[in-house]
Amino acid sequence: MSLYAQLQQRAADGRPIRVGLIGAGKFGSMYLAQVPRTPGVHLAAIADLSPDGAKANLARVGWEAERTAAGSVDEAIQRGTTHVGEDWQALVAHPAIDVVVECTGHPIAAVDHCLAAFGNGKHVVNVTVEADAFCGPLLARRAAEAGVVYSLAFGDQPALICDLVDWARTCGFPMVAAGRGHKWLPHFSESTPETVWGNYGLTPEQAARGGLNPKMFNSFLDGSKPSIECTAVANATGLTVPSTGLLYPPASVADIPFVTRPRSEGGVLERKGMVEVISSLEADGREIPYDIRMGVWVTVEGETEYIRNCFEEYKAHTDPSGRYFTLYKRWHLIGLEVGMSVASVALRREATGVATCWNADVVATAKRDLKPGELLDGEGGYTVWGKLQPAEASLRMGGVPLGLAHDVKVVRPVAKGQCLTWADVAIDETTHAYRIRRQLERLGAG
């Protein structure tokens, strides 16, 4: 039975999936834009540090003011409306809430929200993939122990990549590579919120007009977000990662199956079964026609002559040898697609991507020489960017995960380009996020 049919049935039975949203910023607003158009779903509560800002975003996406007038979650449940407030703890504790959508973008807070939701028997769709990148395997374990589902968010690229990988394996294809696209040149790793718009392709005036957050956009541009998302994919699918970080090979859509082959066959991969990111720019900065910048892809192998003949007969998108085939989605719709995850976890009790192993990590790496006393400002900032590493390598060096590199003091000099270690920083060891990360390391070392 399709998810949509099940949602329609829930609506007809008067038993909607009741959702609580934590964080009503850009991503959350995109999901909110779709909720009124989705049968069988009742967004009962929103928790945000700025309730007025959340209500402004609701109005921006077309919600009428009376829909958010409920004075409490109880009133919202009774009337079928939505309560907007600051108290996330009350939201996750309310017995009527079925699914919590964590959408703050704040990884340390996200861990608190996820753990509290599990403790209250709620499924979680975690949009804050930065948190999943440094402790996703243990979040998944805690959810399973609580008898609930923890999931990556459909619409975001990691869940879409996981979906393509699942398609490939379910069809019987050997996995060769999977990943996303990105606009990349090596010097982008040094980009800061001051330089982001020129690199990104917008003027400061255009960015100001759109109310765009330079730090957030810079986290994509400097390679942090692609590394974070590839980490989530590797840990969810069991794919491996490049030993020295992402390579960002430039390629058009037509060239992806040519590039994402093993090096022994003319591609860039160290081995089959890896994650990678395709650049939409040539090494000299020229834009590649028909790129995959905003999309996702998976490359599989036709092992037998019969399968390769089928590729040829049906004009499949292969490399020149006809052995490697790439399936792709050129676009992702971010928060507009989160409803797939909400329905999947509530109706099928299936995640749309969840960590099953610890294959990959994202280590905070110095953008410039760092001096003792400086504060790290996390992904997209002025001090560090995130480098994808095999989990074994990160564990061996004692690497500081990028998701924990926020407002952390440097205690000894760190050279530009060097990965930061626990010995380089003084970090708050009392947070749930730090503790669960260190627990993951102990398990990984064991």
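Leaving aside neighbours within four places in sequence, His 42 is in contact (heavy atoms within 4.5 Å) with Pro 16, Ile 17, Arg 18, Val 19, Ala 76, Ile 77, Gly 80 and Thr 81. This is a predicted model, in which local features need pLDDT of at least 70 and side-chain atom pairs count only at pLDDT 80 or more, whereas totals for chains, interfaces and linings use all residues. Residues are numbered from 1 along each chain as its sequence is written, and side-chain values use heavy atoms, with hydrogens and water left out.

His 42 belongs to strand β2 (residues 41–47), where helices (H or I, at least four residues) and strands (E, at least two) are DSSP runs numbered from the N terminus. With a relative accessibility of 10%, His 42 counts as buried, a term that means under 20% relative accessible area, while exposed means over 50% and partly exposed lies in between (1.4 Å probe, protein chains only). The side chain of His 42 reaches the backbone oxygen of Thr 81 at 2.5 Å.

Strand β1 (residues 17–22) is mostly covered, five of its six residues being buried. β1 and β2 run parallel and are joined by six bridges, two strands being paired if DSSP finds at least two bridges between them; Ile 17 stands opposite Val 41 in β2. β1 also pairs in the parallel sense with strand β4 (residues 99–102), over four bridges, and there the bridge partner of Ile 22 is Glu 102 in β4.

We turn now to the aromatic rings. A search of the whole structure finds ten aromatic pairs, a pair being rings of Phe, Tyr and Trp (its six-membered ring) with centres within 6.5 Å, counted as stacked if the planes are under 30 degrees apart, edge-to-face if over 60 and tilted for the rest. The rings of Phe 118 and Tyr 150 have centres 6.0 Å apart and planes at 90 degrees, so this pair is edge-to-face. Because Phe 118 lies in helix α6 (residues 107–119) and Tyr 150 in strand β6 (residues 150–152), the pair ties together parts that are 32 residues apart in sequence. Both Phe 118 and Tyr 150 are buried.

The rings of Tyr 200 and Phe 217 also form an edge-to-face pair, because their centres are 5.2 Å apart and their planes stand at 85 degrees. Tyr 200 is partly exposed, with a relative accessible area of 23%, whereas Phe 217, at 15% relative accessibility, counts as buried.

How values were computed: Polar contact = N/O pair within 3.5 Å; in protein donor to acceptor, adjacent residues only side chain to side chain.
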